[in-house]
Amino acid sequence: EPEVTQTPSHQVTQMGQEVILRCVPISNHLYFYWYRQILGQKVEFLVSFYNNEISEKSEIFDDQFSVERPDGSNFTLKIRSTKLEDSAMYFCASTADKLVAKNIQYFGAGTRLSVL
Amino acid sequence: GENVEQHPSTLSVQEGDSAVIKCTYSDSASNYFPWYKQELGKRPQLIIDIRSNVGEKKDQRIAVTLNKTAKHFSLHITETQPEDSAVYFCAWRPGNQFYFGTGTSLTVIP
């Protein structure tokens, strides 16, 4: 079964540093998402991406965040200057393009970001 | 912002009993309501979903019911087993983003 893959599984960084989290969505999917889950809390929507541009973004997704699809397979989330409160699990997800199938989201295993 | 309320936040049941988790949403435009199971340290996994033109859907021991008038949908797990222990999240989709509930930590006591 095809999977969404995320790298690295764990990223440790110093406060103020830039980090890039990487995702490879399922190959024939066209909608991509980033979510964040602070330890013990719910999954929070960050941003959705379609046709090489941001489709929707939440209040969490401020100017410190950006997303990019640099090539035909990768989908990245960049945090420019990390803060302690950015420490969380970050999940990438993708959905297909067909009207019904695009509702079903497939999640990656997540990247645990630890900001020290 | 959009909101979905999920209750209860924790639930303990004896093995073999049923568990029910309920979510209430605010925007009637949503037409897709999934449930996710998240085991400790793992990714959310879709376990069942329902679309707005259906009132109930069942898959073996798991069922979901939708009441569009009251704007709530519920997850029902029958004959619970210890491996059902996890955090369960409801979600809904008004537009092109998913909102998740606050989660229910289910513990099935052997």
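The model is predicted, so local features need pLDDT of at least 70 and side-chain atom pairs count only at pLDDT 80 or more, while totals for chains, interfaces and linings use all residues. Residues are numbered from 1 along each chain as its sequence is written, chains are lettered from A in the order in which they are written, and side-chain values use heavy atoms, with hydrogens and water left out.

**Interface**

The size of an interface is often given as the accessible area lost when the parts come together. Here buried area is taken with a 1.4 Å probe and summed over both parts. Chain A and chain B bury about 1,900 Å² between them, with 49% of it on carbon and sulfur atoms. Of the area that chain A buries against chain B, 31% is supplied by A:Lys42, A:Asn103 and A:Phe107, more than by any other three residues.

The contact (heavy atoms within 4.5 Å) takes 22 residues from chain A and 18 residues from chain B. Polar contact, a pair of N or O atoms within 3.5 Å with one able to donate a hydrogen and the other to accept it, where residues adjacent in sequence count only if both atoms are side-chain atoms, is found for 2 residue pairs across the interface, both at pLDDT 80 or more. On the side of chain A that touches chain B, two or more residues each come from strand 4 (31-37), strand 5 (44-50) and strand 6 (53-57) of chain A. Strand 4 of chain A gives the most, 4 residues. Strands are DSSP runs (E, at least two residues), numbered from the N terminus.

**Backbone**

Most residues other than glycine have a negative phi, and most peptide bonds are trans.

A:Asn52 is not a glycine, yet has a positive phi of about 65 degrees. A:Asn52 lies in the loop between strand 5 and strand 6 of chain A.

How values were computed:
Buried area is the accessible area (1.4 Å probe) that two parts lose on being put together, summed over both.
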